Amino acid sequence: MNEQIEFPESFLWGAATSAYQVEGSPLADDAGPSIWQRFTRTPGLVRDGDTGDVACDQYRRYAEDIALMKRLGLNAYRFSIAWSRVLPQGRGPVNAKGLDHYERLVDTLLANGMTPAPTLFHWDLPAALDDRGGWLNPDIAHWFADYASILFRRLDDRVPMWATLNEPWVVTDGGYLHGTLAPGHRNAFEAPIATHHMLCAHAAAVQAYRAHGRHRIGIVVNLEPKYPASDSDEDRAATARAHAYMNRQYLDPVFLGRYPRDLAGIFGEAWPHWPDEDMQFIRQPIDFVGVNYYTRNVTKHDPASWPLRASPVRQKQATYTETGWEVFPQGLTDTLVWVKERYGNPAMYVTENGAAFFDPPVVEGDRLADPLRVDYYRKHLRAVHDARAAGADVRGYFAWSLLDNFEWSLGYSKRFGIVHVNYESQKRTPKDSAHFYASVIASRGRVLNGSAAAIDSA
Ligand code: BGC
């Protein structure tokens with residue numbers, strides 16, 4: 001598209017993190033353990049035996065990180081709240097110290113002119129709830145709404161936007177179907193149940209918000225457009241299954257009150273019949289959708305791949321990130337436009353977008369050149385603009401991630417930050433990508449109009 005790039009004044013420019021990935025001190029101030037506390041302590045599940053015990057120490061260094069974001073010109077911070085800090089047992093008595101921590105974080109953001117954008121659940125379920133079945137127990141919808149209400153009552157006077165869940169697909173796929181993430185189950189019968197209860201929990205929190213809250217609430221999903229590897233009927237059908245499983249499984253119920261039919265075919269006898277009342281309940285009106293976008297998927301039919309019978313095809317002429325994801329900016333435009341068209345153009349935020357690349361060491365003068373990441377951001381920010389130009393109501397963008405951090409089962413082996421973290425000293429060093437992002441923000445995107453060379457020398 002040729003239109004000149006310029007984002008509106010009101011556009012949110014942020015960065016994102018999540019509690020277990022950056023905070024450290026997981027049990028400080030009487031917090032309870034989460035399932036990630038347990039998962040990281042089970043040998044062989046996380047690369048190099050890494051844990052979130054220290055991570056980026058943001059639980060104690062949040063003021064320093066906020067000052068850094070302010071220097072870079074960011075005007076929003078997406079973080080998550082650790083449920084087991086607020087409710088060590090997941091329900092029951094509130095831990096005032098845990099709640100106070102998030103109040104201080106919100107107040108410090110506001111004092112620095114930044115919009116707090118909290119997510120209520122980013123995968124670190126209280127271990128005490130997992131002992132009661134976690135996402136497999138239907139009561140979790142109420143547990144979650146009760147927890148959410150505590151936050152709404154305490155902070156909604158200062159928080160303008162809330163997200164219920166982060167990426168329920170990953171929780172189901174990694175946590176309940178393939179066992180690669182906490183709680184580490186591998187069970188096709190559990191996966192749809194976990195999905196359904198997450199969606200009910202999301203809806204119960206939205207309903208509770210209408211009673212206590214005065215601002216906006218939404219859900220964050222990770223979307224990955226699927227393109228068929230060939231025109232064959234088999235590849236097209238495989239692509240449709242992959243799309244239903246990953247992209248429509250959550251948004252169809254939230255916006256349309258039904259699951260994609262393909263899911264019954266994918267899960268076979270493991271697919272439950274859900275009552276109509278549940279589907280109506282899940283369809284609570286929401287105020288925005290958060291879209292996390294990293295890559296696309298070119299899909300082929302593959303009978304050996306369980307349970308989808310579909311698998312990705314590696315592209316020859318493409319750049320891949322350190323996590324093996326193809327760099328494909330057009331996919332972000334396609335995704336945002338797809339949400340616009342399928343779900344009636346809801347307000348959207350790109351709540352995560354970024355890449356892990358190998359970073360060279362920080363050199364003297366505190367420079368860290370990460371040209372591949374700069375290129376990734378340049379192209380994806382242009383892609384966001386293209387989606388806006390095509391009419392998608394995208395109101396903000398959050399880089400993943402502010403900091404290098406604990407990348408779940410990959411431990412600290414992958415660096416996603418625009419700010420480098422030295423895990424020995426906890427020193428933060430903004431990478432070139434942070435400076436590049438700062439220049440985009442300062443110019444409201446106008447710098448993206450130039451050629452790559454002009455931008456790099458800016
Ligand atoms: C998650 C983050 C994660 C990132 C990179 C998203 O799936 O929300 O927690 O670190 O992707 O893998």
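Helices (H or I, at least four residues) and strands (E, at least two) are DSSP runs, numbered from the N terminus. This is a predicted model, in which local features need pLDDT of at least 70 and side-chain atom pairs count only at pLDDT 80 or more, while totals for chains, interfaces and linings use all residues. Residues are numbered from 1 along each chain as its sequence is written, and side-chain values use heavy atoms, with hydrogens and water left out.

View 1. Along the principal axes, the C-alpha atoms fill a box of roughly 60 × 60 × 45 Å. Of the 458 residues, 62% count as buried, where buried means under 20% relative accessible area, exposed over 50%, and partly exposed in between (1.4 Å probe, protein chains only).

**View 2. The loop that holds Asp57 lies between helix H2 (35-39) and helix H3 (58-72).** Asp57 has a positive phi of about 55 degrees although it is not a glycine, and its relative accessible area of 5% is the reason why it counts as buried.

**View 3. Asn345 occupies the loop between helix H13 (330-343) and strand S10 (348-352).** Although Asn345 is not a glycine, it has a positive phi, here of about 45 degrees. Asn345 counts as partly exposed because its relative accessibility is 26%.

**View 4. A cis peptide bond runs from Trp306 to Pro307.** The omega angle of this bond is near -5 degrees, and Pro307 lies in the loop between strand S8 (297-301) and strand S9 (310-312).

**View 5. Trp400 and Ser401 are joined by a cis peptide bond.** Omega is about 10 degrees for this bond, and Ser401 is placed in the loop between strand S11 (394-400) and strand S12 (419-421).

**View 6. Asp233 is found in helix H10 (residues 233-256).** Asp233 counts as exposed because its relative accessible area is 67%. From C-alpha to C-alpha, Asp233 and Phe121 are 39 Å apart in space, and they are 112 residues apart in sequence.
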